[in-house]
Amino acid sequence: MSNHDHHHGSDLGTRRLAWAVVINLLLTAAQVVGGVLSGSLSLVADALHNFSDAAGLLLALVARRISKRPADEHRTFGYGRAEVVGGLINLTSIMVIAGYLLIEAITRMFDRPEVDGWMMVIVAGIALVVDAATAVLTYSMSKESVNIKAAFLHNIADALASVAVIITGTLIILFDWYWTDIVATIGISVYIVWMSWSPMKRCIRILMQSVPDHLSIEEISQTIGRISGVEAVAHLHVWPIDERTNSIEVRVAMREDSGLGEADELRCRLRRHLEAEFGISHITIEVLPKSRLESEPLITPH
């Protein structure tokens, strides 16, 4: 793909995100008005979920632009983690909203307000159409970015929440089961927390520089130890720079009588193996005589 094609694809993705933000904000406003007029807390819950998704899409849009900036003297690793920070802010706000809705639902158990079922069904039906349209806009982009994939999954969750509100409104129209509105609100809130928990943990793991889930320190150290010329392994660190790039830093010991040429050749072999077997592209290797590493915990190859 040429640079022009890549730039065009990026612009198209940005426009799709912008449209998704606009229609979700319009939907949120319609749902809040509908929820207030109908007296439905579950409709307001769905509206707040939609707003959180709109905010998430907006954060993804802003973070997408920031993350494209090249590394500079202040951010030597680049700006890739902007998407992770944006995602964590979004997910935290979702958790807060879910907690608020749960408290409101419990309070309403004692108030038992009247709810307009027809208003619920009509507004939730419109929401279902908009959620489907947003999912279509973000589907192709979700294959390339974990951050946008999370936004796509949240839109699918929104669609399911709209279905729940439609069912609740129908039950109120047919049987006057007003308690179903409270049950739906609690269900939507719990579902929001359940959907958000996994991506939130991922964001925290990246920001805490934890070893990526698909990599094993033990396996990497054993692989390094099996390379010809390696006497021992020490000071091994693996961490994610952003969603797509992982980094490794390691010290390896070689024979005392080895020369600089052998050290350079060993570094090249190690780099090729780490890139090929683990997909790690940012690699820092220090090769030293074994006596220099005696003060550090060593992993001696089997």
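Reply: By the ring rule, the count comes to 3 aromatic pairs, where rings of Phe, Tyr and Trp (its six-membered ring) pair if their centres lie within 6.5 Å. F175, W177 and W179 are linked into a cluster by ring pairs. The model is predicted, with local features needing pLDDT of at least 70 and side-chain atom pairs counting only at pLDDT 80 or more, while totals for chains, interfaces and linings use all residues. Residues are numbered from 1 along each chain as its sequence is written, and side-chain values use heavy atoms, leaving out hydrogens and water.

The helices concerned are α7 (residues 217–226) and α8 (residues 260–278), whose axes come within 10 Å and cross at roughly 140°. Because of that angle, α7 is oblique to α8 (angles under 35 degrees count as roughly parallel, over 145 as roughly antiparallel, 65 to 115 as roughly perpendicular and the rest as oblique). Axes here are lines fitted to C-alpha atoms, for helices over the stretch in contact, with angles running from 0 to 180 degrees between N-to-C directions; helices are DSSP runs (H or I, at least four residues), numbered from the N terminus. From α7, the contact (heavy atoms within 4.5 Å) is made by E219, I220, T223 and I224, and from α8 by L270, L274, E277 and F278.

Note on methods: Phe/Tyr/Trp six-rings, centres within 6.5 Å; stacked < 30°, edge-to-face > 60°. Helix = DSSP H or I, 4+ residues; strand = E, 2+ residues; numbered from the N terminus.
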